[in-house]
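Hi,

Here is the structure we discussed handing over. My notes follow below it.

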Amino acid sequence: MTDRRTFLRNLSLLTLGGLASQKLTASNALSTPAIDATSAATGIEAKKKMGLQTYSLGQELLRDLPNGLSRLAKMGYTDLEIFGYQEKTGQFGDYNPKNTTFVSAKDYKKMADDAGLRISSSHLTPSVREYTKENMSQFEDFWKKATDIHAELGVSYMVQPSLPRIENEDDAKRVCEIFNRAGEIAKAAGILWGYHNHNNEFKRVLKPGEKPDPNPWAPPKGTYIEELFIKNTDPDKVMFELDVYWTVMGQQDPLEWMGNYPDRIKLLHIKDRWILGDSGMMNFPNIFKKAYEIGILGYYVELEGDPKGRTQFEGVEKSAAYLQNADFVR
Ligand code: MG
């Protein structure tokens, strides 16, 4: 097994090689990795651990995976959170109907290793949509098979990024029973299971039969779905990956959620309207400060498609440069 030290050394050699061959311009300059006294003595480079959710690139990456992965390593990314797990075949690809690239866990891991990247996380969702006790065995089958395949991939985390249908508190509690079971299955293989939010998790739901207050000035009734998830899942089995952009889009303050649930939020999605830091609506210095304070395990950069039609690689590279140059990112 490659130990962390060897892994880091290989990674640093690779990245320095990448930087040397890269044309540095004012707009895309990556800061030269800092090598402090300790790391110079031990040969370990003090490199920023920086993850990317590969959904950000979609087909641009999948069309030529080996080349795309090495481009990401050169930008300074160290970790990947992949997507596109195919329930039927156990391979990884894209949900885009035009996609023709499907890879096995073994091949994906090999390609990432060759590029000096670690696949540390994966997003996946069961195709079963009805979260009922009667369907429990179908969820178990899904998560058992997925866990075996993800263990081969060597991930630390498996994360569900989509919200089941929830209309009241009881629906949320039933979903949480299934989340707990998924977490238990993953945990047996040494994988942390988590849930990733969009903005709809910050809708309030009522108890079954409860009616909203007709007075528009009354304080809102009900509980946020995200809060119901946090309170009804077992902290030993389920963690949360907070997407800070979607939290803001849900009219919430990511700092407040991290502050309220420091032991439950373990990962972040670092996301902006497109390139990180460009919109001005995300306070990344404060987000990172809070994240370190609560002992976050890691984060993954994520970009949606660009409305102006620039390539996704451009956005992903500029976002990497933003974080590499940011003194608030360790
Ligand atoms: Mg996200």
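Among contacts in the chain between residues at least 6 apart in sequence, what percentage join residues at least 24 apart? The share is 75%, with contact meaning heavy atoms within 4.5 Å.

A word on the source. This is a predicted model, in which local features need pLDDT of at least 70, side-chain atom pairs count only at pLDDT 80 or more, and totals for chains, interfaces and linings use all residues. Residues are numbered from 1 along each chain as its sequence is written, and side-chain values use heavy atoms, with hydrogens and water left out.

The chain has twelve helices and ten strands. These are DSSP runs (helices H or I, at least four residues; strands E, at least two), numbered from the N terminus. Of its 330 residues, 51% are buried, meaning under 20% relative accessible area with a 1.4 Å probe, protein chains only.

Now the core. The largest nonpolar core holds 84 residues. Such a core is a set of buried Ala, Val, Leu, Ile, Met, Phe, Trp, Tyr and Cys residues joined through side-chain atoms within 4.5 Å. Leu72, Tyr77, Trp143, Phe229, Ile265 and Leu268 touch the most other members. Helix α7 (residues 169–188) gives the most to this core, eight residues. A second, separate core has five residues, among them Tyr157 and Tyr300.

Tyr77 also deserves a look. Leaving out residues up to four places away in sequence, its contacts include Lys47, Leu72, Leu117 and Val316.

Best wishes

Notes:
Buried means under 20% relative accessible area, exposed over 50%, partly exposed in between (1.4 Å probe, protein chains only).
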